[in-house]
Amino acid sequence: MTTAPAQAGWRFRQPSVIPGFGLTLGFSLAYLTLIILIPLSGLVWRSAALGWTDFWAIVADRRTLNALKISFGTAFIAAAVNVVFGTIVAWVLVRYRFPGRRIADAMVDLPFALPTAVAGIALTTLYAPNGWIGQLLMPLGIKVAYTPLGIVVALVFIGLPFVVRTVQPIMEEIDREVEEAAASLGASRFQIITRVLFPGLAPAIITGFALAFARGVGEYGSVIFIAGNLPFKSEIAPLLIVIRLEEYNYEAATAIAAIMLALSFVMLLVVNLAQTWSRKRYG
Amino acid sequence: MADPEIKSYEPLHESLSAAVTESRPVRWVAMGTAFVFLAVFLLLPLIVVFHEALAKGVGSYAEALASPDTRSAIRLTLLVAAISVPLNVIFGISAAWAIAKFEFKGKAFLTTLIDLPFSVSPVISGLVYVLLFGAQGLLGEWLKAHGIVILFAVPGIVLATVFVTFPFVARELIPLMQEQGNGDEEAALSLGANGWQTFRYVTLPNVKWGLLYGVLLCNARAMGEFGAVSVVSGHIRGLTNTMPLHVEILYNEYNAVGAFAVASLLAGLALVTLVLKTLLEMRYGAEIAATRGH
Amino acid sequence: MEVRVVNVRKEFELFPALHDVSLDIRSGELIALLGPSGSGKTTLLRLIAGLERPTKGAIFFGDEDASQKSIQERNVGFVFQHYALFRHMTVADNIGFGLKVRHGAARPSAQEIRRRASELLDLVQLSGLEKRYPAQLSGGQRQRVALARAMAIEPKVLLLDEPFGALDAQVRRELRRWLREIHDATGHTTVFVTHDQEEALELADRVVVMSQGRIEQVGSADEIYDIPNSPFVYNFVGESSSLPVKVEGGELWIADRPIGLSAPQGAPSGEALLYFRPHDVELLEGCSGCIAGTVAASRRVAGTRRVELEVGGERQRVEIELPVDHPAAQKSRVAFRPRRWKLFPAA
């Protein structure tokens, strides 16, 4: 370790007696660059090499546009469903005591742990016209499997833990005194929830929505089994990438991937702004 | 290690005054909604996997698992996890040490970069390697000339798996090590320990449960990854088929029992992961920090 | 081991935490760094330990320049504010850690380490707790283990950061006496940081009073308390009263009256501030050459009575201490003269 007096002014890092900075940062950066940054910039480079006209022709293709619409649309609906039910699940897990609560709590993480392909074939079997749930819905005229609704079902499954696990810790931190204060001031339970508790939870709910949405847009494994994969109807963008790859149409695959990444980042940016706004507003 | 502060835990319902909980009917409706939702979306899919796997009896279940293609898929999945998990553990520890123990410019940016793979579609994670190593890829010609095979072979599968499981260990360790601060390390150094000894005897024991937690999640994803691996594997039976890919092939061949038999193994892995994860959280909650969820 | 801090300056992100501080610590001395938070006392302690590097200046251990040495080489015993005990190790393993990580011949045998650990546990009066884990100890016991661990490496200097900060009042007082005894028995050069003046004055051979990154005064408890050399020390250590006065013709004046104190040599004429301790006053009957005022408020403080007087035409308030049964407490008018006092330039 060098112990020459540290120079004042701008410096890359603050001095510390803890050793190993150069080694660990160097290794981390090298690994990050090799595994993540070089491959990803390869994608950017390839799509830039396409040129604007070619790029636009691929993206504006009706099949591409439909696939993007389906991916983003179903992911949005699924994330919205998860916001409603995920928040209720989180509330029940945090506030109520009942036998089996621990198991229910642990189960919420199942979509993190269960391989997506397994989830895909299981959901398809359940919602197929002769499946356990599918045959209940059949008489009502609701078809889930092999329709966009099936995609939503798969994405609800995938996205649930994102909402619950983001909202849950914030709910746990709610200061009971705030609720009691509101009650002592005459607020009804409904008013307390909507005016006092919900604003505090809003940033977490928005974050959970964003995470579930982002995951849903890119999801592949659980969707392709249940979706039916009809072009223009139930074909998601990640699947279209795979199809183009199988056709050795690298250009199209690259362009769709690039536009998906760009759209995802824009959406995340918007959500980030919304979050900042609500955090400023509600602390 | 008994922590006296935790013993004074008071069950929540006792402290619930009437003023701060919902009326009984509302509670029942909320709980009913939550239960039905969880049952339909989580429990039923899990049950159906085992139900379908055993639909034609234990005999055909065992037969499906014993087939050579299935066995080679299991071997490949174990091999891929055995390579990619340790790689990401080394990276995770190294990145967490640099980020949690030091203050430097660009730290926040680096932390964001580490999370990047979580916001990329698995299919794109596979695609980037195809663009790099494929026949039309940037390095394709060169690799071909030198006889190096990456794509549609084990190295490609490992790379794609490393990509998607990249953040798990690091993001678990970073907040944990940040929260623990540098006090213990400074104490060890002041007692004469060198850097390696400080890490080995002080830091590592402090984060071991968090590390195990990260490894658990990393492993579950590594063994279960489908999209990214599907793109780079080439689906060569008995050679580049991992378990999730094998599930797909069997399912598309209308071999439901076979598909669900392999799926049941993966579901079993998921259940074991969940149980271990819950046990870790119960037993060492404070030592793995409140960093659940992704 | 004698420790010399020479013109040390420390900046964090361009913010100066210490301005050119110099300090000589004598061998075997027990010295306290006293100051409010942000005064730089902990920074100074960490610089001596080698946990921070000075931006400028040097630190000597004896004749050796320690600034060039890493913390491992400095061989200091550092007791952390929250002890930093390794919670996955038993008490004995914690204490033996510094010996265990040594290399080659310098490393004692496992048996020897165990023996030393239990010896140190005896010293800190925790015999029999070898197998416990830190979580199973009380705050005071953890503090003792932390000290034993620091002493196990036979340090040249013992450094303690707010050693009693996290303990309750009763335990604090006990440990304070105990630390003094240990110091007298072992003779380590010891530096501790505290923001508690009582602790510093009672325990230390010498006290270093710090404020805003500078050393205000260094001295024994008596010197610090009886002859403070700055308004800050007056205010921070013990209670103080101050009055605006005028220096004229070698005399101190309040309004148009001399108060019977002659200005120190070389004090410039004009406005100044007179500082004294509320209890260090002489009560007078008549008033020719004194400070006189009307009692504005009176309150009982433990064994004495504090009265607030309004002095002079501008009704400047000043506090002095009286015996509980002193008749002056009830009088509407009280005259006094500080016994020990000091004059500082008006702010």
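**Note on a predicted model: domains, a chain contact and a sheet**

1. Chain A is split into two parts, domain 1 (21-50) and domain 2 (51-282). Their centres, taken over C-alpha atoms, are 29 Å apart. The model is a predicted one.

2. How many residues of domain 1 of chain A are in contact with domain 2 of chain A? Four residues of domain 1 meet eight residues of domain 2. On the domain 1 side of chain A, the residues that touch domain 2 are two nonpolar, one polar and one charged.

3. Chains A and B also touch: the contact draws 82 residues from chain A and 83 residues from chain B. Within the side of chain B that touches chain A, helix α3 (residues 24-53) of chain B gives the largest share, 17 residues. By class, that side of chain B has 56 nonpolar, 16 polar and 11 charged residues.

4. In chain C, strand β16 (residues 291-301) and strand β17 (residues 304-311) run antiparallel and are joined by eight bridges. C:Gly293 is placed opposite C:Val311 of β17(C). The hairpin of β16(C) and β17(C) has two residues between the strands, and C:Ala302 has a positive phi near 50° there.

5. Which strand pairs with β17(C) over eight bridges in the antiparallel sense, besides the partner named in point 4? This is strand β18 (residues 316-323) of chain C. In this pairing, C:Arg305 stands opposite C:Leu322 in β18(C).

Key. Residues numbered from 1 in each chain as written. Chains lettered and ligands numbered in written order. Predicted model: local features only at pLDDT ≥ 70, side-chain atom pairs only at ≥ 80, totals over all residues. Contact = placed C-beta atoms within 7 Å. Helix = DSSP H or I, 4+ residues; strand = E, 2+ residues; numbered from the N terminus. Nonpolar A, V, L, I, M, F, W, Y, C, P; charged D, E, K, R; others polar. Domains from an automatic or database assignment. Pairing = 2+ DSSP bridges.
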